[in-house]
Amino acid sequence: MPLELAVQAELPELNRDQLRQLYRLMVAVRHLDESAIRWQRQGLIPGYAPELGQEAAQVGSGFALDMARDFVFPTYREMGVARTVGVDMVQYMSTHKAVWHGGLYDPAASRFAPIQAVVAGSVLHAVGWAHAQTLDGKPAGERGVAISYFGDGASSQGDVHEAMNFAAVLKAPVVFFIQNNGWAISVPTERQVAGGSVAARAAGYGMPSVQVDGNDVAAVVQATAAALAHARAGHGPAVVEAMTYRRGPHSTSDDPGRYRTLDQERLGAGEDPVARLRTRLLEAGLADEAFFAEAKASAEREAEQVRTGLQALGSRPGAEMFEFVYQEPTEALKAQAASWREESEHV
Ligand SMILES: Cc1ncc(C[n+]2csc(CCOP(=O)(O)OP(=O)(O)O)c2C)c(N)n1
Ligand SMILES: [Mg+2]
């Protein structure tokens, strides 16, 4: 089996409507992402992990999925994928408001697993789901494919080795989609990914892989589609490594100024993926200023609706943090809950 995934053969060039749809999605995601940072600064949500700069990787990969049968296993930074595959954004953002653990959306109905804060935690879950696809008797070609999102930093976790090895041994239909955004919080890729490429590791597991320009949305769609087609056809897992850059902080509680300079940021970030698609559309005569203005206005309306929805959610009773841990709470937990109530609720 060739270990370099054949990408070009899989899909015809994206057409005008698809490119315009991708642009609208990327602008909506960009605007929601920037809004979420403002909401955190305003106190509406306690924390958020921005994906500024990763819009092409997220929208492009989400766009290639068949949500009638595929299933997404995200990390904490996949708002752009969630938006692309149609997860309700108020329900998604409810996690960032600490309203409910994994988001209020129904993972089974939306085919988007709960937000996962444990680094590499959902990679094995994705393999398990994918393996189940091969057990339920569906012929290859009709199976759903799991897409497992994780970062360059997560690729150093032991779980990723186990996941890749099992997936390849079992020929599980799973696409490992790595967003190599240059950083694991404050640690640059060169200090935590030996060899410098996650895609290169796939060969050791006998899986095909492709490293793609993660800031080129069309290239990401094509690469993901090729990987999905490979897995769906019964050939087992594949790896896509989207090379991109985390332009913002790791999260709203991070200060990148402590570990990288503005000059390094400018150099590392390369060309803005949204601006890049805009230029492509303009140069090819596929969109005009009126289209761009409408996409922006629609993104602004959407963010406003999400903000209103989030405000209306209210917050959960604080005492709830002691529930749902054990079926029978331990004595220590009961004591902590009692002293918490005494201090915060004065009971
Ligand atoms: C098991 C585990 N170890 C450590 C952490 C703390 N942590 C949160 S994000 C992160 C870095 C992850 O980097 P990467 O996988 O590149 O994803 P990115 O944040 O760049 O999207 C770490 C170490 C965690 N959440 N879970
Ligand atoms: Mg990273």
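A backbone N or O atom of A117 sits 2.9 Å from a nitrogen atom of ligand 1, a polar contact in the sense of a pair of N or O atoms within 3.5 Å. This is a predicted model, in which local features need pLDDT of at least 70, side-chain atom pairs count only at pLDDT 80 or more, and totals for chains, interfaces and linings use all residues. Residues are numbered from 1 along each chain as its sequence is written, chains are lettered from A and ligands numbered from 1 in the order in which they are written, and side-chain values use heavy atoms, with hydrogens and water left out.

**Around ligand 1**
- On its own, ligand 1 exposes 580 Å², and the protein buries 69% of that (Shrake-Rupley method, 1.4 Å probe).
- The ligand has 15 residues around it, with Y76, R77, G153, A154 and N181 the closest (a heavy atom within 4 Å counts as near).
- That shell splits into eight nonpolar, five polar and two charged residues; Gly is put with the polar ones, while Tyr and Trp count as nonpolar.

**The largest pocket**
- Ligand 1 takes up the space of the largest pocket (more than half of a molecule's atoms must lie within 2 Å of the grid points).
- A pocket here is an open set of points on a 1 Å grid over the protein atoms alone, with protein on both sides within 12 Å along at least five of seven lines; a lining residue has an atom within 4 Å of a point.
- Its volume is about 360 Å³, meaning the space filled by probe spheres set on the points.
- Of the 22 lining residues, Y76, G151, G153, A154 and W183 lie nearest the centre.
- β2 (146–151) and β4 (183–184) each supply at least two lining residues, and β2 gives the largest share, three (strands are DSSP E runs of at least two residues).
- The lining comes to nine nonpolar, nine polar and four charged residues.

**The cavity**
- There is one cavity of 30 Å³ or more, a set of points where a 1.4 Å probe fits but cannot get out.
- The residues lining the largest cavity include P74, Y76, Q116 and Y149.
- Its lining has six nonpolar, four polar and no charged residues.

Notes:
Polar contact = N/O pair within 3.5 Å; in protein donor to acceptor, adjacent residues only side chain to side chain. Helix = DSSP H or I, 4+ residues; strand = E, 2+ residues; numbered from the N terminus.
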